[in-house]
Structure formats: structure tokens, C-alpha cells
Amino acid sequence: MKPASNFTLGEGQPLSDPAVSTTLPTFGGGGLVPLQDTLLLETLAHFNRERIPERVVHAKAAGAWGEFEVTHDISHLTAAKFLQSVGKKTPVLCRISTTGGEKGSPDTVRDIRGFSVKFYTEEGNHDIVGNHVPVFFVRDPVKFPSVNRSHKKHPQSNTADANMFWDFHVHNPESVHALVHLFGSRGIPDSVRRITGFGVHTFKLVAPDGSFKYCKFHLRSLQGVGNASTDEATRLAGVNPDFHTQELFDAISRGDYPSWGLYIQVMDPEQAERHGLAMFDITKVWNHKYFPLIPVGKMTLNKNPANYFAEIEQAAFSPSNMVPGITSSPDPMLQARMFAYPDAQRYRLGANYQHLPPNQPIVPVKAPYQRDGAATTTSNYGATPSYVHNGSTRHGIRSVSASTAQAVRHDEWLRGGTTLGLNEIPDTEDDYVQPRELWRRVFDDAERRLWVSNVAGSLDGVSDDLKRGVIEMFGRVDSEMGNMLAAKIRETARL
Ligand code: HEM
């Protein structure tokens, strides 16, 4: 007799073998399946429901657990408890993604990498949800779905479409700075262990005395930065579409733990008032000469997920997850993101997504006015009142944290007589200054030639009109840039 297995049905009833369904044998083999075969029904029905919506952007990713350790004291800058003392350690979860591709798309493509970190602090979760280049394509959040659609698939052909990509960018040229980054060598990393994570937005650090400074976050790889050639990346995309995911997983499995240094740039409110539009415009960076990097700590990834779906796919990162001592700024993109992520996660993971293991804070949660909803797995606050200002809490409410209240103070930079107006910051000469610096001072000759060849390659199949538009846009960055691009395109006889 076969030994009894320790498998069960979904509600625990013992099973002799999960690999065999029950049938009424018929002549000639095969059999009739009865509806009483709960094993078969459960197995098929659950399979039909095992997909959840993938992230609308950043669907493909690698992820791992780790630890953050404070290496430098910045307690004079922020009240955030996890940043208070040198040597203090905080568990983290990190997810590094491509942006445009679907969940099954190749890793080694030219794209912006997402860089998400969730810090499980004693004051709840704090997330940095950044990218691997310091600037973004647009500064008005209403354009976010459009820029992404132009990078994804054409509505008719369902294939990537270079005309659509360049049509968007030529007509929304505030993206020119991000494009100079994207088509440089960093546009295709050789490993997700060798990329930089930029918080990109301007945030605020609020000190214990309520004073604040504006700040930007940077996570710099201690492995250095490494990039793949376009040819090698194209080859790898076919040979192993999960190349980066596997490379990170294998490194952590063999104990070769990647780490990143956390740095901040800070700006006084008075300096900010002189800084002009670039302050809350994520198509611009802060010059490191005037706002140097200040070291804060080190993040090390040292544990692979035990289960990818449970721990990485179900992770919900959001720029709205902030602890006291770090707050948002009036950057309209940041404000919009603080709505968009939890909204996406309620749709993708359900109303109780915060109860899922990777999203649970390490501190107790007391939110009794958020209860019930699909798939409630907690004790759901038992008998405690479900309405605010009830007799049991009326006398126990503390005042709102001072830092939260302070945080809003400087945001009201409203000019006298201000009325609601269009958010648009028009595209001006200012948009070409920083990409020009990048081209002239940061890129060397080899990088410039590589950039030109990468852009020219991406223009394959693009209409002549649009090619002229692209040459003109980059010609505004630097006439040499436009000329080199035009020459390269002519060389390949495509204009
Ligand atoms: C208005 C602008 C933006 C909107 C509306 C937006 C919206 C979204 C949404 C809906 C998701 C999917 C979230 C999920 O399902 O869990 C997402 C993912 C992501 N976005 Fe954005 N995004 C914006 C701009 C940005 C910017 C500027 C950055 C980088 C600085 C960024 C970095 C990321 C990253 C890294 C992810 C993946 C998060 C993860 O690892 O799960 N996004 N975005």
C-alpha cells in the first residue's frame, strides 16, 4: 500500500496523492471526471486565478532583502529615528526594475531602471522609489501615462514603435536631459548591482527643532557603475531574458552581497528661494559643486526572497510612505505619485495590500478605521469601535507630530495675488543647459560617439521628418551633437 502523503486539500483535508485526479474508468482507457473530485476542481480553479495584474510600469524586476546601517551622523538634519545614530541598523527590501517592458520582457534593454527601497523602521515604513538616472522625462504628472505609452507598444501593431517614441519626445522636449542620459552608456547596465539609485525628487528633511532643509537622495553602488554594450545586451536579451535577475540572485546566493552608499544633497530654504524653477522640476539636477554629496549610510542586500511572488511581486512601494523627519515637497510629480502608487496597489493587490508580508511594518499598526475589505487576514480590530471619536479613544489622541506640521510651512511659496493656473513650465533655453553640460563636460569623446551611434540606431525606421526633429532638438543642446547625429544618420544613408 502506498504511504499516505502529507499533502492536503486547500482546507486541510488529507490527500493520498496531489498528482492524481479521480476518474470513473471507461472502456479503452481515460475516464469520466466527477464533480466530487475536489482536488481536481481546486487545482484547476486556483490555476485560473494565479495571475494578478502586473505593475502598469516597472513590471519586470529583481528583488532582495537586506540591511541599512547608518555610517554618518545626520541627526542635526532629520528627526527620522532610523537615521539617528551611527551603527543603527534597519531591515530593507529592494526591487530593481526596467520601466517599459512587461513582466516577461528581457532585462538587458536600453531603459530607465527603477530603484525601490523599503526601510522597515521603528516609526513605520519609509520608501525611496527612485530611478537609475537623476532626472525624469516630464515635469507635469498629467504627461506620465503618455510618456510611458509612447515607450511601450503601438495600439495597432502591439510592437515597440520608434516613431511613437520620438514623436513624443520631439514634441515634449523637456525630456531632452533624460534622453541624453538614456542613450549614453548607462542606458544599459551590465548588472543591477552596478547602478546608481537616485531619489530624483526634492524632499525635505525636518530636524528635531522643526527646522528643515530640502534634500535629494542618492544610492551609489559600492561595486562601481558597469554598463553593457548594445550588441552584447541584444545578444543576452535572447540568450537569457532574465540575465540581470539571475545575476543578482546568484551573487547573493554565493554570499557576494552588493551594497550601496546612501548620500544626500541638502539645500537651505533661503538658497532654495534663489534656486528658481529647477527646485521642484525633476528634469533638472542640483549641481554637486554647490550641493555636495553628504554620506549617510550603507545598504547591503544579503538575502534572496524565499518566494518571488509573495515577497517581490506583492511588494508595494510608494513615495507616500514617509516617516516623521522626512517629508514631501511641492514637486507636482511627487504629489501625483503619492496618489498613484497606493491607488495602483489597491487595484493590483487589493484593499488590504498593506497586510501582505512584504508591506507589513515591523511596528504594530493601529488603524481601526480601515477595516474589513476583501481578504482580511488580521484580527480586524476585534470589537474595538469602528468609528472615530468614540469613548475609548477620545482622551488618548496625541497631537499631530510637530515635524508633519512644520513640513508644510515653506511650501506655500505662493506669489502675491496667486490664482490657480496651468502647471506647465514652458520649454525654454533653460532645459538645454544641463544636458549641454553633460555632453560637453561629463561625456568624453568615446562616450559622445557611442551616444550618437545609440540614438542613430534607435532612429531606424523613423520618418524623415521626425529624424529632422530629433536632430534639431539635440542640436539645441549642442550644435556639435546635432551635426554628429546628422552625419551618422547620413553615413547609414537613412536621411
Ligand atoms: C507622475 C509621475 C508618476 C506616476 C503617476 C507614476 C506611477 C507609477 C505606478 C502606478 C507604478 C506601479 C506601482 C505598483 O503597481 O506598485 C509605478 C512604479 C514605479 N515608479 Fe513611477 N510614476 C511616476 C513617476 C516616477 C518617477 C519620477 C520615478 C523615479 C524617480 C518612478 C519610479 C518608479 C519605480 C521605481 C516603480 C516600481 C516600484 C516597485 O519597485 O514596485 N516613477 N509608478
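Which residues does L205 touch, not counting residues up to four places away in sequence? Keep that in mind while you take in the whole protein. This is a predicted model.

**Whole protein.** Show the cartoon. The secondary structure comes to 14 helices and 12 strands. The radius of gyration is 26 Å, close to the 23 Å that the globule rule gives for 495 residues, so the protein is as compact as a globular protein of that length. Along the principal axes, its C-alpha atoms fill a box of roughly 80 × 70 × 45 Å. Of the 495 residues, 36% count as buried. Take the contacts between residues at least 6 apart in sequence: 73% of them join residues at least 24 apart.

**Largest core.** Now select V92, C94, L205, C215 and M299. These have the most contacts inside the largest nonpolar core, which has 51 residues. Colour strand β3, residues 61–70, next: this strand gives the core its largest share, six residues.

**L205.** Zoom in on L205 for the opening question. L205 touches L77, T78, F212, K213, C215, V266, G325 and I326.

**Another core.** Select F165, V180, F198 and L485. They are among the 40 residues of another core, which lies apart from the largest one.

Note on methods:
Residues are numbered from 1 along each chain as its sequence is written. This is a predicted model: local features need pLDDT of at least 70, side-chain atom pairs count only at pLDDT 80 or more; totals for chains, interfaces and linings use all residues. A nonpolar core is a set of buried Ala, Val, Leu, Ile, Met, Phe, Trp, Tyr and Cys residues joined through C-beta atoms within 7 Å. A residue is buried if 20 or more other C-beta atoms lie within 10 Å of its own, exposed if 12 or fewer, and partly exposed in between; C-beta atoms are placed from the backbone. Helices (H or I, at least four residues) and strands (E, at least two) are DSSP runs, numbered from the N terminus. Two residues are in contact if their C-beta atoms, placed from the backbone, lie within 7 Å. The radius of gyration is taken over C-alpha atoms; the globule rule is 2.2 Å times the number of residues to the power 0.38.
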